[in-house]
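Biologist: I keep seeing labels attached to models like this one. Can we go through a few and check where they come from?

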Amino acid sequence: MAKNYAALANAVVSALGGKDNIVAVTHCMTRLRFVAKDESLIDSATLKSISGVLGVVRNDNQCQVIIGNTVSQAYREVVSLLPAGLQPAAPQGPQKLTFRRVGAGILDALIGTMSPLIPAIIGGSMVKLLAMILEMTGVLTKGEPTLTILTVIGDGAFFFLPLMVAASAAVKFKTNMSLAIAIAGVLVHPSFIELMAKAAQGEHVEFAFVPVTAVKYTYTVIPALVMTWCLSYIERWVDRITPAVTKNFLKPMLIVLIAAPLAIVLIGPLGIWIGSAISALVYTIHGYLGWLSVAIMGALWPLLVMTGMHRVFTPTIIQTIAETGKEGMVMPSEIGANLSLGGSSLAVAWKTKNPELRQTALAAAASAIMAGISEPALYGVAVRLKRPLIASLISGFICGAVAGIAGLASHSMAAPGLFTSVQFFDPANPMSIVWVFGVMALAVVLSFVLTLILGFEDIPVEDEAEKARALQSAPVQAKAAQA
């Protein structure tokens, strides 16, 4: 049954405290992301009960409403209800600095910056993979222009990643995008790259008597992200000190003269050290635990998705694939995690007596198994029914262990599913594709069986009918109250 997205949007906006309480809205692959003026007006219980809403995640004044694969349709209806040009409001008054707030702010910056870039990165990495397969199979030979151009097309998103990060972060931090891109462009300018190569070979390089650390910025995330965050403060400070009559030329000049050298001398190297430290920590754990780290990640992945913490790994995955061509810990763990949620959803669809739940479970299973988009299965089925989630976690652990033992690694960061299974194909090990399909089959079958063994408390058809009637009567009651 097709969703009534107009009704869904109305119900969601109402539960968020009305359109006047919403100061910003955007969406990712499965979620509507709202910024509320007054978080106390958000009715989470009502939000969760709305037909078509798979789950709700709260974080300070932000509220994420999980819709599923058709989130863009819901987003269009929500936007049509809100004033044009909606922008996030500045925080009201000084806020107390706590570890929780700092951590939430860092996570929000990472998610807000990296989420818009994922389609370009996935597209690029899949083209690189295609070029690699064409060369391996002999369809194209090394050095052939067509192969070179395909490789460049695939590598473009990675090589100029600092520019993409700067543009996205400029939107997130509400600073001038063209200035952010211009400063990030300095870091990937051919002359600067050549200068850094000389510095790496021992040649002394300095700027205005300040030594410059030899750093390669192509394929990196953190330096441009930190740089753009600093730029947002530099721009505001320069705006305050420049006279109005000189703003059109003096302001941008000062911003570039301050921000670019700061990025080269301090922020860039600091960002590289932070990014390298995070990557080193993650893969040191992988080095010590081996296949067990992939198994643990496979079991924890659905829980990380529920909290939004899975996006913390995005910069590490991107940088690892860009530098080494593959990633062998996080991405392989997602195979079992995603398809286990699909298998559990299939079991629910098989056993439930509720037609609406069966339809939801079948759609969620198809999304998780075929495309690797697991949130509909996670929120629409597993979390809702509890025991299928436990079955998925157990299956995710076992399948993660198998993937780790097989040494599977991904050449792309597309969500692992049947459609994207080719990203795990290793030209040096033709058996890798057999292992991938084996892990996928094991995940679906094992989670299906475990869900049937553990069972679940089915949702009575009467409860769904009562819920539907309540939702239909809610707008009428609201209008009567307003009258």
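This is a predicted model: local features need pLDDT of at least 70, side-chain atom pairs count only at pLDDT 80 or more; totals for chains, interfaces and linings use all residues.

Biologist: What makes Tyr219 buried?

Modeller: Buried means under 20% relative accessible area, exposed over 50%, and partly exposed in between (1.4 Å probe, protein chains only). Tyr219 comes in at 14%, so it is buried.

Biologist: And why is Lys386 called exposed?

Modeller: Lys386 has 55% relative accessibility, so it counts as exposed. Lys386 sits in the loop between α16 (375-385) and α17 (387-406), while Tyr219 is in the loop between β6 (210-211) and α10 (222-241). Helices here are DSSP runs of H or I with at least four residues, strands are E runs of at least two, and both are numbered from the N terminus.

Biologist: Why is the pair of Phe159 and Phe160 called edge-to-face?

Modeller: Rings of Phe, Tyr and Trp (its six-membered ring) pair if their centres lie within 6.5 Å; planes under 30 degrees apart are stacked, over 60 edge-to-face, and the rest tilted. For Phe159 and Phe160 the centres are 5.0 Å apart and the planes are at 75°, so edge-to-face it is. Trp229 and Tyr233 are edge-to-face as well, at 5.5 Å centre to centre and 80° between the planes. Those two are four residues apart in helix α10, so about one helical turn separates them.

Biologist: How do you know that Arg236 lies over the face of Tyr233?

Modeller: The rule wants NZ of Lys or CZ of Arg within 6 Å of the ring centre and within 35 degrees of the ring normal. Arg236 is listed over the face of Tyr233, at 4.7 Å from the ring centre.

Biologist: Which helix has the lowest mean pLDDT?

Modeller: Helix α19 (residues 461-482), with a mean of 49; pLDDT is the predictor's confidence in each residue, from 0 to 100.

Notes:
Residues are numbered from 1 along each chain as its sequence is written. Side-chain values use heavy atoms; hydrogens and water are left out.
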